[in-house]
Amino acid sequence: MSAESPNIGVLSPKFLEILFEEHYLTSPRSQADFLQYLAAKNFPEELIGAFREVRREFFMPGGVPLEYTYTARPWPLADNLWAASISDPNLVAEMTRQLLVQRGQKVLEIGTGAGYQAAVLRYLVGEGGEVISCDIFEEVTKLASDNLKRAEISGVALITTDASGGYAE
């Protein structure tokens with residue numbers, strides 16, 4: 001990202017209007033609705049617990065109405081910046097289920113985005129585990145750090161680097 005980068009972490013009213021006009025949003029969905037969806041899809045209780053504890057609203061870009069926090073859609077982290085986003089919560093849940101994360105594990109995430117996935121992973125690995133999240137954009141890493149602090153989640157190592165080929169400590 002350059003000096004002309006969009007305002008990372010905030011969506012403008014004009015951009016939100018475009019999303020609404022294009023019927024980007026389905027309908028509002030609460031956290032309770034999302035948790036019921038996970039239970040209906042037979043997600044493990046440990047995973048449902050992670051999504052109960054990690055509040056998505058701490059990771060949403062500014063300007064998004066609260067009632068759309070759990071809508072099954074990704075959100076860009078800035079106007080027209082889809083390279084950095086907070087993923088659809090259903091996708092985050094399914095990716096996390098597929099990982100089979102266990103307490104005490106070390107997990108590497110490539111593409112930090114808003115930090116939501118890293119927060120969920122941190123909850124699942126517990127105090128004895130480790131989460132390292134890498135992003136190529138410094139602004140994105142900073143935003144994720146701010147979001148994690150706001151959500152009062154610690155223990156995630158955020159690193160600005162191109163980790164497309166992996167990450168060596």
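At what angle do helix α3 and α5 pack, and how far apart are their axes? Before selecting them, bear in mind that this is a predicted model, in which local features need pLDDT of at least 70 and side-chain atom pairs count only at pLDDT 80 or more, while totals for chains, interfaces and linings use all residues. Residues are numbered from 1 along each chain as its sequence is written, and side-chain values use heavy atoms, with hydrogens and water left out.

Start with the whole chain, whose secondary structure comes to six helices and five strands; helices (H or I, at least four residues) and strands (E, at least two) are DSSP runs, numbered from the N terminus. Along the sequence their pattern is α-α-α-β-β-α-β-α-β-α-β. Of the 169 residues, 44% count as buried, where buried means under 20% relative accessible area, exposed over 50% and partly exposed in between, with a 1.4 Å probe and protein chains only.

Now select α3 (residues 45-53) together with α5 (residues 116-125): the two pack at an angle of about 125 degrees, with their axes 9 Å apart. Axes here are lines fitted to C-alpha atoms, for helices over the stretch in contact, and angles run from 0 to 180 degrees between N-to-C directions. The pair is therefore oblique, given that angles under 35 degrees count as roughly parallel, over 145 as roughly antiparallel, 65 to 115 as roughly perpendicular and the rest as oblique. To see the contacts (heavy atoms within 4.5 Å), show E46, L47, G49, A50, F51 and E53 in α3, which meet Y116, V120, Y123 and L124 in α5.

On β3, V107 and E109 belong to the covered face, whereas K106, L108 and I110 make up the uncovered one.

Finish with two loop residues. N42, in the loop between α2 (31-40) and α3, has a phi near 60 degrees, a positive value in a residue other than glycine. L100, in the loop between α4 (89-99) and β3, also is not a glycine and has a positive phi of about 55 degrees. Most residues other than glycine have a negative phi. N42 is exposed, with a relative accessible area of 64%, and L100 is exposed, with 60%.
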